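Reader: I'd like to go through the labels on this structure and ask what stands behind each one. Can you set the values against the cut-offs for me?

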Amino acid sequence: MDVRPAHLELELPDVLPVLPLLSTVIYPQGVATVQVGFEENIALLKGNPEPDALITLAFCDAQTSGEIRKESLSRVAVVSRILDRLKLPGGSYQVTFQGLRRVEILEFVQEKPFYRAKVGPLVEHVSDPFKVNVLVQKAINLFERLVGYSPSYPKELIHILKMNVDAPGRFADLLCSSLNFEYAEKQRVLQAVGIEPRLQRVIELLRSELDRVKVAQEVEKRAKGDIEESRREYFLRQQMKTIQRELGEEELNQKEADEYATRLEALGLSDEVSREAQREIERLRHIQPSSSEYQVIKTYLDRFFALPWGVETTESIDLVNVRGALDEGHFGLDGVKERILEFLAVRKLNPSHKGPILCFSGPPGVGKTSLGRSIAEAIGRRFFRISVGGVRDEAEIRGHRRTYVGALPGKILNGLTRAGCMNPLLMLDEIDKIGSDHRGDPAAALLEVLDPEQNSTFTDHYFNVPFDLSKVLFVVTANYLHDIPRPLLDRLEVISIEGYTENEKLEICKRHLVPKVTVEHGLKTDPPTFLDATHVEIIRHHTREAGVRNLQRCLEKICRKIAREQVEAGEAAVHEQIVQPADAERYLGGQKFLHDEAVDRDEIGVANGLAWTATGGEILVIEALRMKGKGKLIVTGKLGEVMKESVQAASSFVRSRAGTLGVDAAALDEVDVHIHFPAGGVPKDGPSAGVTVTLALASLLSGLPIRRDFAMTGEVTLRGKVLPVGGIKDKLLAAYRAGIAHVALPKGNEKDLTDVPAEVRAATTFHLLEHVDELFELALIGFHRLEGVAPGAGVDADATLAPSPEPPTDSV
């Protein structure tokens, strides 16, 4: 580590990176080592990797906690040089700084990923040299007295200080950095630019430290004499206890211990649980109330008796009432409601049945959490929701052991305490977002919680006694099943809640959202009227989601603006206001999303694909273009590896079918083919675009246009077989919204058509494919299979056939 002279005049850049410090003050010409662990500070070190990098050290207010904001940073800072940096386990750094000079932070020019600021030099000034000399001498005298009282301060430091009397600013900084002052006091000295105020503050601190050392020495002398006094006090206390017992005056710990013992006896718990509680009660009985351990034991017993031991609510399962409650709170979701009713019917016939744990899986905003609340209200159980998203510490599920300071019970028993009974409906929300790190795996802890065969003896580390969770009705929610660990998913029965159709969203608006939003915004007496067309306009062009959460936000925004208009208009306010579709743009701004649009004419090389996203299905138009070249295949559109391989397989299959399509196979080596997936900024992946790419290539090379009223999905193998894919319901809803009348699906997805709404099935003709050759006859205008060639048989690609017609000039 190279410590260079810091007193040399530096030419500072106008802008320097700023590193905030919370508890350490580094003075000019001082050297100190600090540990850097905040994400912004680590980014600063990575962005300034030079060995002698100049960094501005800014010091936070003493009251700063949590996120550091630029307003909490002092304007007087110290420009420092990095002498050494060492990366520690866990990603933090140990950095050694050498302070150079005080500067003033003039203006912050950057906040992310770390602070950068314009800085200006600060000049130390002396108004009265004689007074400064007097203050320096006074400080030396106080420090000499302090060294005489406390051996912790080395006498050699006096000599070093006397060598710096000619530089009073350096003298004050050196003296302050050598003493164990509070962070706030050291910062006050740093903020003093003038020499005289700085010396006066140092002298005040020296006097305070001298008084403290004197008191400490006096206390130490008294402590030696108190050792014998403590023996005398012990006998006196024993006599006092005897006197209090004779007078009937019991101590506080005895009273509280007896109260706990009475409550324990009344609970009638098992021997194992009672022994643990009784042991803590006896410990409480023999500890003085002034002891810190007393409060720890008392807190444990308070939490122990707060658990709902033996407290249960009466469950009443009436399927008619349950169905009514579900219908009242949620529109649609018939399949989900049927499965819930089946689950409750089994519980009614066999209350002791250890049924599966229900897992509501679906995109955000479709009503997973509210479904759980509706079930609890319908069957008379208390409802409590525990958010486990982002939990990374196993102790948050099982609790902390009481050997740790600040130990707490886990979320499960804490939730039962707040629910107030042993048989609530406990919802574990966002279970797919559980993480894990060096502190353990919370998902592994949940295996015991959610296993009906094990959870009757669940043990929280904090209480260290078994607790029966078998009477709890657990329901979990998740957005993505593939993020749930397999052993945990094996214990769940998944009920998929997919996105709502446009008509379902329309009904939800009219039945639930609009009445709720108008009441919340004070429009109950004079509510606005939303036309169906207005709802459709908002659903299509201002939201794009599987649920209705953003739809509700849009309605809330409209109601806020209407409420403001009514208040500002006063008596002249419009009554019975009707919100027209054109008003949506006035209240919500321009259209944020375009409605799903398919190809508007029969074109060569352009096909309608169907894609699935987290917000539902979408139309994915795929374009193909050919040009002179050397037989290369170009693919664009931000595709994943699976989709790229799917395109390559489709291309190989189409080239093998050149004879069937009437294409000269030799001519294919003289053209390049470019396939593009629009919306190039959106990542895309998966094999389900295989049939669409195959059709687009077949159309491009044969010169035959594709029907505009056709959309398709499915994976294609090298032999042309069409394999089933997922997301069929959402994809068909997208085709329905775009007005597409014919949809080609894999034969293996025929079973998924039962989940499609009746309105979609009535308006759409489904074509079930086993081989992609069947799609050529359905969607390619003018395609005729050669006589005697069955689907999938094909024609030798090297056969000599008539060349394909040239594509029209307006083709893609």
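Predicted model: local features only at pLDDT ≥ 70, side-chain atom pairs only at ≥ 80, totals over all residues.

Reader: Which residues of α21 are buried?

Author: Met-643, Ser-646, Val-647, Ala-649, Ala-650, Ser-651, Phe-653 and Val-654. Their cover includes β18 (633–636), β19 (671–676), α22, β21 (715–716) and α25 (773–779). As background, an α-helix has 3.6 residues a turn, so residues three or four places apart point the same way.

Reader: On to cysteines. How many disulfides does the structure hold?

Author: It holds 0 disulfides.

Reader: Let's do charges. Why is the contact of Arg-381 with Glu-315 called a salt bridge?

Author: The cut-off is a side-chain nitrogen of Lys or Arg within 4 Å of a carboxyl oxygen of Asp or Glu. For Arg-381 and Glu-315 the N to O distance is 2.5 Å, so by that cut-off the pair is a salt bridge. Arg-381 is in the loop between α12 (368–379) and β8 (383–387), while Glu-315 is in the loop between α9 (292–306) and α10 (319–329), so the pair ties together parts 66 residues apart in sequence.

Reader: Are those two partners buried or exposed, or something in between?

Author: Arg-381 has a relative accessible area of 7%, so it is buried. Glu-315 has 26%, which makes it partly exposed.

Reader: What makes Arg-708 and Asp-602 a salt bridge?

Author: Their closest N and O atoms are 3.4 Å apart, and the cut-off is 4 Å. This pair links distant parts of the chain, 106 residues apart: Arg-708 lies in the loop between α22 (690–702) and β20 (710–712), and Asp-602 in the loop between α20 (581–588) and β16 (606–613). Arg-708 is partly exposed at 42%, and Asp-602 is partly exposed at 34%.

Reader: Which residues are linked in a network of salt bridges?

Author: Glu-276, Arg-279, Glu-280, Arg-283, Glu-293 and Arg-402. Within it, Arg-279 and Glu-280 have their closest N and O atoms 3.3 Å apart. Arg-279 is partly exposed at 43%, whereas Glu-280 is buried at 0%. The whole structure holds 38 salt bridges.

Reader: Now the rings. Why is the pair Tyr-260 and Phe-305 called stacked?

Author: A search of the whole structure finds 10 aromatic pairs. In this one the ring centres are 5.6 Å apart and the planes are at 0°, so the pair is stacked; the cut-offs are 6.5 Å for the centres and under 30 degrees for the planes. Tyr-260 sits in helix α7 (residues 252–267) and Phe-305 in helix α9, 45 residues apart. Both are buried.

Reader: So why is the pair Tyr-300 and Tyr-462 called tilted?

Author: Tyr-300 and Tyr-462 have their planes at 45° and their centres 5.7 Å apart, so the pair is tilted. Tyr-300 is in helix α9 and Tyr-462 in the loop between β10 (458–459) and β11 (466–467), 162 residues apart. Both are buried as well. Ring pairs join these residues into a cluster that includes Tyr-260, Tyr-300, Phe-305 and Tyr-462.

Reader: Last one: which residues touch the most other members of the largest nonpolar core?

Author: Phe-97, Phe-143, Leu-175 and Leu-206, out of 67 residues. Helix α2 (residues 129–149) gives the most to this core, with 9 residues. Among the residues that Leu-206 touches are Ala-139, Leu-142 and Phe-181. A second, separate core has 53 residues, including Phe-305 and Val-391.

Technical notes:
Residues numbered from 1 in each chain as written. Heavy atoms only, no water. Disulfide = S-S within 2.5 Å. Buried < 20%, exposed > 50% of the residue type's maximum accessible area, 1.4 Å probe, protein only. Helix = DSSP H or I, 4+ residues; strand = E, 2+ residues; numbered from the N terminus. Core = buried A, V, L, I, M, F, W, Y, C linked by side-chain atoms within 4.5 Å. Contact = heavy atoms within 4.5 Å. Phe/Tyr/Trp six-rings, centres within 6.5 Å; stacked < 30°, edge-to-face > 60°.
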